[in-house]
Amino acid sequence: VANRPRITLLTDFGTGDGYVAAMKGVIAALAPDVLIDDATHDIAPGDVHAGAWALAGYWRLYPSGTVHVAVVDPGVGSGRRALAARADHRFFVAPDNGVLTRVLRETNEPSIVAVENERFFRSVVSATFHGRDIFAPVAAYLASGSSHLDLGRAISDPVTLELPEPQRSSDVVRGVIVHIDRFGNLITSIPGSWVGAGAGVWIGDRELTVRRTYADAAAGEALALIGSRGVLEVSVRDGNAAAILAVQCGAEVTVRLARS
Amino acid sequence: VANRPRITLLTDFGTGDGYVAAMKGVIAALAPDVLIDDATHDIAPGDVHAGAWALAGYWRLYPSGTVHVAVVDPGVGSGRRALAARADHRFFVAPDNGVLTRVLRETNEPSIVAVENERFFRSVVSATFHGRDIFAPVAAYLASGSSHLDLGRAISDPVTLELPEPQRSSDVVRGVIVHIDRFGNLITSIPGSWVGAGAGVWIGDRELTVRRTYADAAAGEALALIGSRGVLEVSVRDGNAAAILAVQCGAEVTVRLARS
Amino acid sequence: VANRPRITLLTDFGTGDGYVAAMKGVIAALAPDVLIDDATHDIAPGDVHAGAWALAGYWRLYPSGTVHVAVVDPGVGSGRRALAARADHRFFVAPDNGVLTRVLRETNEPSIVAVENERFFRSVVSATFHGRDIFAPVAAYLASGSSHLDLGRAISDPVTLELPEPQRSSDVVRGVIVHIDRFGNLITSIPGSWVGAGAGVWIGDRELTVRRTYADAAAGEALALIGSRGVLEVSVRDGNAAAILAVQCGAEVTVRLARS
């Protein structure tokens, strides 16, 4: 199937300064027929973990051939490499700082290159805005059918974030909060498949019941459920769990499994 | 005219968590040629009234065939139905919680179905993210030319919000503030056509003159005018009326009509 | 090259009230094949300077034929004119309040008209929302190939903002902060080409070293560099310079040049 090529953009730029529009303009000039989807520009400044988490929620839902750009780049202008990758029929363009960590863990034999071929860059590259000068033109070339292998040499040592690994024993699972979403839902590192029927979830000194959905709890009640990303989440029905439970990223969550 | 099909998206998701991008990815995979317009993702979490108000401001301006998706869905995962509707040549996809109230009041003989045919859903439907798993794929099918009647059985009892009805007598009109916009403009329930020349507008113990436009008031002056939605609004020239007048949604507004 | 026409939208509307979607709907109805790029809707309400600054960062990066709409319009409904311009092969649509100042300074012989031909407007024009009723339909007509000269009479006296002009002598350059971006970077009026090797930058009583990029400074260190717009910027590595240095727009910056 010859899908119309699409480029998605994830940044921590906000939109108010025109930086995102500059990237779109570069893409539009090089690949005028490509559709550009704003994924998000509201990643907190420099929060590579949050960028990695958001990207993991949508990249595979897009069709084959999509080019996903992720620019959360506090190290711009340093020696950090720029990466392009092909994995599971999608393309990725990002700084080499771990923002692709979750993608690379979820894909089979990703092919990664260090982007070095200046022929694909804007003619003058600034020290502070590689989104416009490197990542956008590279994405446009990929969306136009260029191979990522033309961009630079293959590498096998991308920078990766240390993601907290959940621990399990026969009767207990331990994990942490890895993301807090706009609604205040607390998303954990614990796979939903590890949480059997009858389990109790502890966050701090608070015990929560595992429910199927928000509506199974009373209004204002804190609950645990398997969320849309397939991991355990802690929520408050019709409320903001992060605010009400006063919990931050990194907080520990314990699941006591029912005896079978 | 064979318009290029478009899908508009209104949510309360924000963009930072990747939830909106997940919806776009599902649509792009099923209907790669469809254009996706972000209407807004900044509805306050769970504010169905605000979603209904925003949607009413643009749905009819889009061309025939447009699919408008509105996901403000605090009851996701409960028994609340999912709706698809065809009305005045546009399509609508939304939870059955009143977010379509204003659309349905403004259209002639809308045809509404409860979306139940799982053939149109993602293969696994989560308990908490029907935007991705039901509303996005359904919108893609509608934009691709499927009939809304294939999605489920016709219904005639959609949930509707109770909208405050303005009251009029021979010399006075009473209404309330139904929406406050980004600029602090206070939008009322009072039709502009009910406000004749020479009327005085009262909000709290403050009397305002009805002007044609902001520029007819002095800088910093509070005024009333007929706004872009055709209803009476209260504004402060070059200022934020909501902040300066300390008014919230639901506040009463009284219009004293001039004797004719 | 017959580029697919694109319209970019810059506003101070936010998206939550549906005003932006109303503009998109009007465009989609008149020019269904045109791609619409959100540049930004997060300009601070009424901040014409910020709108002008953001627009200047992307307009030229878009391909020939692009129609750039910029609606920051605190004077809507007053006698202020609506403008359409053709400059360096792009089109511009905006209120006549200076938001095009930077574009017009950067282009050769721009051709500007006062938009007066109501044939191109929506049939009823509100007093408060020319984005929907005038600027959007005019942009759609331009993107569809209409000439801007059909829209109204040529003018040569557009309103322009007074931009602060940097001053230079043999050993010192003086300028001001003209924009603060999302990251807290302080962007000055001083051309990068005026800042030679070995220069020292003063902001308040603080002296900063000119670096090539953020990574050349220690974490938390304030520095000066030539930014992506080609002018001198003041930053804090891994920090928010505006907050840490407590500096606002308009603050003075002095560069002491090295003796050559």
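**Figure 1. Overview of chain A in the predicted model.** The secondary structure of chain A comes to five helices and 15 strands, where helices (H or I, at least four residues) and strands (E, at least two) are DSSP runs numbered from the N terminus. This is a predicted model, in which local features need pLDDT of at least 70 and side-chain atom pairs count only at pLDDT 80 or more, while totals for chains, interfaces and linings use all residues. Residues are numbered from 1 along each chain as its sequence is written, chains are lettered from A and ligands numbered from 1 in the order in which they are written, and side-chain values use heavy atoms, with hydrogens and water left out. Along its principal axes, the C-alpha trace of chain A spans about 60 × 40 × 40 Å. Of the 260 residues of chain A, 60% count as buried, a term that means under 20% relative accessible area, with exposed meaning over 50% and partly exposed in between (1.4 Å probe, protein chains only). Among the contacts in chain A with a separation of 6 or more, 68% are accounted for by residues 24 or more positions apart, contact meaning heavy atoms within 4.5 Å.

**Figure 2. Helix α2 of chain C and its surroundings.** Helix α2 of chain C, residues 48-56, is mostly covered, with eight of its nine residues buried. The buried residues include C:Val48, C:Trp53 and C:Leu55. Within chain C, the buried residues of this helix pack against β1 (6-11), β3 (67-71), α3 (101-106), β9 (172-180) and β10 (186-191), and they also pack against α1 (19-30) of chain A.

**Figure 3. Chain C laid on chain B.**

**Figure 4. The contact between chain C and chain B.** The contact takes 37 residues from chain C and 33 residues from chain B. Only 16% of the interface residues of chain C are also interface residues in chain B, so the copies meet through different surfaces. Between them the two chains bury about 2600 Å², 53% of it on carbon and sulfur atoms, buried area being the accessible area (1.4 Å probe) that two parts lose on being put together, summed over both. In chain C, the residues that lose the most area to chain B are C:Asp17, C:Tyr19 and C:Thr128, together 20% of what that side buries.

**Figure 5. Elements on the side of chain C that touches chain B.** On this side, α1 (19-30) and β2 (35-40) of chain C each supply at least two residues. The largest share, eight residues, comes from α1 of chain C.

**Figure 6. Two residues with positive phi.** A:Asp238 has a positive phi of about 55° although it is not a glycine, and its place is in the loop between β14 (231-236) and α5 (241-245) of chain A. At 58% relative accessibility, A:Asp238 counts as exposed. C:Ala246, also not a glycine, has a positive phi of about 55° and is found in the loop between α5 (241-245) and β15 (252-256) of chain C. At 66% relative accessibility, C:Ala246 counts as exposed.
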